[in-house]
Every structure is written in C-alpha cells, then in structure tokens.
Amino acid sequence: MPLVERRYAEALLKLSDRKVWIDKSLNNLKNVVSIYKSCDDLKLFLNSPKVKNIDKKEVMTKVLAKKFDKKFINFIHLLIDKGRINILPTILNEYIILSNKAKNIMDIEIISSEKLTLDQTKKIETKFKKICNTSNIKSNSKIDKSLIGGVKIIVGDKIYDNSIKGQLLNLKNSLKFT
C-alpha cells in the first residue's frame, strides 16, 4: 500500500467528516482524476517544473471553481504545492479503500474460471460478510480461465484461493519438499 498516497487520502477523508461529504469528495476526486488522465496538455502543464505553482493553482481553480467546493480545491492546491499532483490517480485508489472502510463496506474481488451466477456471487458475499465481520460487501468479479475451476477471493491483502489451479500448485509445492 503506497504510504504517501494513503496519507493524502487520509487527509481528504478527515476533511470529509460526514458520509455525505465522504461520497461527495469521492465523486470530486473521480472527476478530477478523469480530467487529469484524459487531458495530456493539462497533465504536462501540472507536472512541468518550469511552470510556477501559483500559475498551476490559478489554472486548477479556474477549471474546478464551478463544480467543486473550496475545501476540495485547497486539497488540489496542496498537492500542487507539495509536487504530488502526479500521484492523484493512486490517491483516488487509496481514498476508495479508506472511504469504504469508514462506511463499513468491504471490497472483495471474486476471480473465477467462468462467469458466476447472481446466486453464487451472493453466497460468496454472505460468507465473506461473516468472515470479515462487516455488514456490507462490494464485490467485483473477474474471469481467469487459467484457474481451471473454483474461485479465488481477494480481500485487501489476503487471498483465499480455492481454485483448482491453486490446489494443484499447493500439491506441487508439497511434493517438492517430501
């Protein structure tokens, strides 16, 4: 987990003290990251060491003033002052994790060899609600044909591998040491 990005995400979360503001800041951050990623000229301008920070902040204020509140614009100014505007996309990733945690939502990634039915997904979510001791699960499904069968679940930095590929790898590794 990137430490610097996490600290900025935590700072933004502290500015966004209520659930409504947490969601608003998340939407603001998503929108700014989208603008940042899609506009190469803006990205070059903001990351150029030849452009003064005061000019960068002035441009960003003009770009953001109509849709974003002053607290959020000040957050963007802080990133510019600290030379961290280039890590905006990873700050977003960290903010999503922290805001979900603040709202008691657990993100899980379900990886399977075939598309799961809605019932199968709900059963996995129910099981992980108990395992993670949370009331809300937000799952993201992916397909990986190399798993052969079964599922692999990623929760934060933990991996629950119940795939055939994972079981074969475990068997292979156990046979190496005997």
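1. Helices α1 and α5 are roughly antiparallel to each other (an angle over 145 degrees), because their axes cross at roughly 160°. The two axes come within 11 Å, where an axis is a line fitted to C-alpha atoms over the stretch in contact and angles run from 0 to 180 degrees between N-to-C directions. Helices here are DSSP runs of H or I with at least four residues, strands runs of E with at least two, numbered from the N terminus.

2. The model is predicted, so local features need pLDDT of at least 70 and side-chain atom pairs pLDDT 80 or more, while totals for chains, interfaces and linings use all residues. Residues are numbered from 1 along each chain as its sequence is written, and side-chain values use heavy atoms, with hydrogens and water left out.

3. Helix α5, residues 70-81, also meets helix α4, residues 53-64, with axes that come within 10 Å and cross at roughly 155°. The helices α4 and α5 are therefore roughly antiparallel as well, and α5 thus has this relation both to α4 and to α1.

4. One cavity of 30 Å³ or more is found in the structure, a cavity being a set of points on a 1 Å grid where a 1.4 Å probe fits but cannot get out. The largest cavity has a volume of about 60 Å³. Its lining (residues with an atom within 4 Å of a point) consists of Leu-12, Leu-15, Ser-16, Trp-21, Ser-25, Asn-28, Asp-69, Lys-71 and Phe-72. The elements that contribute two or more residues to this lining are α1 (3-15), α2 (19-38) and α5, with α2 giving the most, three residues. Helices α1 and α5, described above as roughly antiparallel, are thus both represented in the lining of the largest cavity.

5. The strands β3 and β4 form a hairpin with two residues between them, and Gly-156 in the turn has a positive phi of about 60°.

6. The largest pocket has a volume of about 800 Å³; a pocket is an open set of grid points with protein on both sides within 12 Å along at least five of seven lines, and a volume is the space filled by probe spheres set on the points. The pocket is lined by 29 residues, of which Ile-97, Met-106, Asp-107, Val-155 and Gly-156 lie nearest its centre; Gly-156 is also the turn residue with positive phi in the β3-β4 hairpin. Two or more lining residues come from each of α6 (88-102), β1 (105-112), β2 (136-143), β3 (150-155) and β4 (158-163).

Note on methods: Two strands pair if DSSP finds at least two bridges between them. Angles under 35 degrees count as roughly parallel, over 145 as roughly antiparallel, 65 to 115 as roughly perpendicular and the rest as oblique.
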